[in-house]
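Please read it alongside the coordinates.

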Amino acid sequence: MPETAATPPSSTSTSRDHQPTPSGSEAPLKRTPLYGIHVSLGAKIVPFAGFEMPVQYPTGITAEHKAVREKA
C-alpha cells in the first residue's frame, strides 16, 4: 500500500475555544459579584472570557504579591 502524507492543518482553522467574535454581535460583558469592590479599590478592569475582570490595582503588582504571600 502506498503511504499517504498527512494533510497539514489549514492556516485559517481555529480552535473551538479561541474563535473570534464577529464584530457587531458581541454579547455584553458579565460582572462577578465582586465587581463593585474591585472598582471601589481602583482596579484596572479589562474584558476576559466574557467577564469584566480586574488585572491591576493602584498599589502595584509587588504589593499584591506580598499581600497574597503574607495574608492568604
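The text that follows goes from the confidence of the model to its fold, and then to the surroundings of one histidine.

**Basis and confidence**

This is a predicted model, in which local features need pLDDT of at least 70 and side-chain atom pairs count only at pLDDT 80 or more, while totals for chains, interfaces and linings use all residues. Residues are numbered from 1 along each chain as its sequence is written, and side-chain values use heavy atoms, with hydrogens and water left out.

The pLDDT is the predictor's confidence in each residue, from 0 to 100. Its mean over the chain is 78, and 65% of the residues reach 70 or more. In residues 7-20 the pLDDT is below 50, and beyond near neighbours in sequence this stretch has 1 contact in the model (contact means heavy atoms within 4.5 Å). Where pLDDT is low, the predicted coordinates should not be read in detail.

**Fold**

The chain contains 2 helices and 3 strands, arranged along the sequence as β-α-β-β-α. Helices (H or I, at least four residues) and strands (E, at least two) are DSSP runs, numbered from the N terminus. Two strands pair if DSSP finds at least two bridges between them.

The 3 strands make an open sheet with the order S1-S3-S2 and mixed pairing. S1 (30-31) and S2 (44-48) are the edge strands; each has a single partner strand, so one side of each is left without a neighbour in the sheet. S2 and S3 (residues 51-56) run antiparallel and are joined by 5 bridges. These two strands form a hairpin with 2 residues between them, and alanine 49 in the turn has a positive phi of about 55°. Two of the facing residues are listed here.

| Residue | Opposite residue in S3 |
|---|---|
| Proline 47 | Glutamate 52 |

**Histidine 38**

Is histidine 38 buried or exposed? Histidine 38, which lies in helix H1 (residues 35-40), is buried, with a relative accessible area of 17%. Buried means under 20% relative accessible area, exposed over 50%, and partly exposed in between (1.4 Å probe, protein chains only). Not counting residues up to four places away in sequence, histidine 38 touches Ala43, Ile45, Pro54 and Tyr57. Its side chain also makes a polar contact of 2.3 Å with the side chain of tyrosine 57. A polar contact is a pair of N or O atoms within 3.5 Å; within protein, one must be able to donate a hydrogen and the other to accept it, and residues adjacent in sequence count only if both atoms are side-chain atoms.
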